[in-house]
Amino acid sequence: MRSPARTGTSMALGAMVLVQLGLAASVGLLDRIGPEGAAWLRLSWAGVILLVLVRPRLRSFTRSALLSTVALGVVTAGITILFMGAVARLPLGTASALEFLGPLGVAIARGRRGTKVWPALAAVGVVLLTEPWHGGINLVGVAYALAAAVCWAAYILLTQRVGDGVPGLQGLAVSMPVAALVATLVAGPSVLGTMTGDLLLAGLGLAILLPVVPFALEMLALRRLTTAAFGTLMSLEPAFALLIGLVVLGQVPGWAPLAGVAFVVAAGVGAERTGARPATEPQHPAAEPAAEPAAEPAAEPDAGREPVPAAC
């Protein structure tokens with residue numbers, strides 16, 4: 001039987017692969033409607049798909065769970081839109097390195113003493129992978145990337161909370177339409193007039209690849225992993241980006257990115273082995289019937305012993 005940590009790690013890895021494949025498939029869409037338009041189209045279709053398939057029952061949500069789910073939708077839109085704003089102003093490697101400060105911060109803050117070495121290894125690997133020293137710095141772009149990092153950290157924490165408090169994918173089926181509404185308010189007016197039938201169809205297929213399936217896998221993974229382990233595992237995403245860029249786009253990496261892959265793989269293996277969430281606390285002992293104490297043989301009258309006091 002597979003351990004929860006291994007199952008959660010497999011889900012997180014699958015989500016990362018799909019995210020990178022979805023980004024690679026978005027290249028043509030980005031050229032036609034821009035990064036904000038592509039983000040809006042993905043989120044809008046994802047919200048519709050999840051509403052139709054899952055049909056969430058809001059009456060089953062507690063007030064706290066519903067508020068957390070709405071907050072998750074807001075930060076989901078924030079990650080997508082803010083990161084696109086950063087990429088428009090910064091080299092992709094620089095933007096990625098800055099955005100990863102979000103999950104890395106979660107991994108360091110929430111990790112136990114013996115597990116904090118994995119985020120440190122991951123941080124070195126991400127810097128080597130993204131090589132941020134190759135690009136110029138735009139302060140507005142840096143602000144966008146850091147804001148996306150904050151949203152990503154909040155996304156990890158909120159996804160685990162919603163996943164624990166709401167059964168199945170009910171939480172995701174509410175948070176994604178909220179993200180779509182936020183994206184519509186921000187980017188919708190500028191792209192609605194440019195929509196065509198083929199763009200809508202392409203957006204539908206892309207939404208399934210990114211974000212519907214990856215976000216569902218991430219929610220399921222965070223039911224099995226600590227937030228520290230999940231944040232560390234996210235460092236593997238640049239490695240997947242490098243591999244898919246090589247295979248799909250023909251981008252050949254240098255020695256520094258290859259060394260970075262080695263660091264993040266080592267960190268990912270360490271996180272997988274030490275990142276299982278603690279088991280649920282057992283039921284209160286009083287709920288279980290107490291075993292009858294075994295009868296002791298009666299003491300002999302001449303034994304001369306003091307009577308044994310009853311156990312408290």
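Asp 198 forms a salt bridge with Arg 32, and the closest N and O atoms of the pair are 2.9 Å apart. A salt bridge here is a side-chain nitrogen of Lys or Arg within 4 Å of a carboxyl oxygen of Asp or Glu. Side chains of opposite charge can pair when their charged atoms come close. Asp 198 belongs to helix H9 and Arg 32 to helix H2 (residues 27-54), so the pair ties together parts that are 166 residues apart in sequence. By the rule given, the count comes to one salt bridge. Asp 198 is partly exposed, with a relative accessible area of 43%, while Arg 32 is exposed, at 51%. Buried means under 20% relative accessible area, exposed over 50%, and partly exposed in between, with a 1.4 Å probe and protein chains only.

The structure is a predicted model, in which local features need pLDDT of at least 70 and side-chain atom pairs count only at pLDDT 80 or more, whereas totals for chains, interfaces and linings use all residues. Residues are numbered from 1 along each chain as its sequence is written, and side-chain values use heavy atoms, with hydrogens and water left out.

The secondary structure of the chain comes to 12 helices and zero strands. Helices (H or I, at least four residues) and strands (E, at least two) are DSSP runs, numbered from the N terminus. Of the 312 residues of the chain, 45% count as buried. Among contacts in the chain with a separation of 6 or more, 90% come from residues 24 or more positions apart; contact means heavy atoms within 4.5 Å.

Two packed helices are described by the angle between their axes and the distance between the axes. The axes of H2 and H9 come within 7 Å and cross at roughly 65°. Axes are lines fitted to C-alpha atoms, for helices over the stretch in contact, and angles run from 0 to 180 degrees between N-to-C directions. H2 is therefore roughly perpendicular to H9. Angles under 35 degrees count as roughly parallel, over 145 as roughly antiparallel, 65 to 115 as roughly perpendicular and the rest as oblique. The crossing of H2 and H9 is right-handed; a crossing is right-handed if the near helix is turned clockwise from the far one by less than a right angle, and left-handed if anticlockwise. The residues that meet include Arg 32, Trp 45 and Ile 49 in H2 and Asp 198, Leu 204 and Pro 211 in H9.

Glu 218 is buried yet has no salt bridge, and the nearest side chain of opposite charge, Arg 42, is 11 Å away. For charge, Lys and Arg count as positive and Asp and Glu as negative, while His and the chain ends are not counted. Leaving aside residues up to four places away in sequence, Glu 218 touches Ala 15, Tyr 155, Thr 159 and Phe 230.

A second pair of helices is H3 (residues 63-87) and H8 (residues 170-191), whose axes come within 7 Å and cross at roughly 45°. H3 and H8 are therefore oblique to each other. Among the residues that make the contact are Leu 66, Gly 73 and Ile 81 of H3 and Gly 171, Val 178 and Val 186 of H8.
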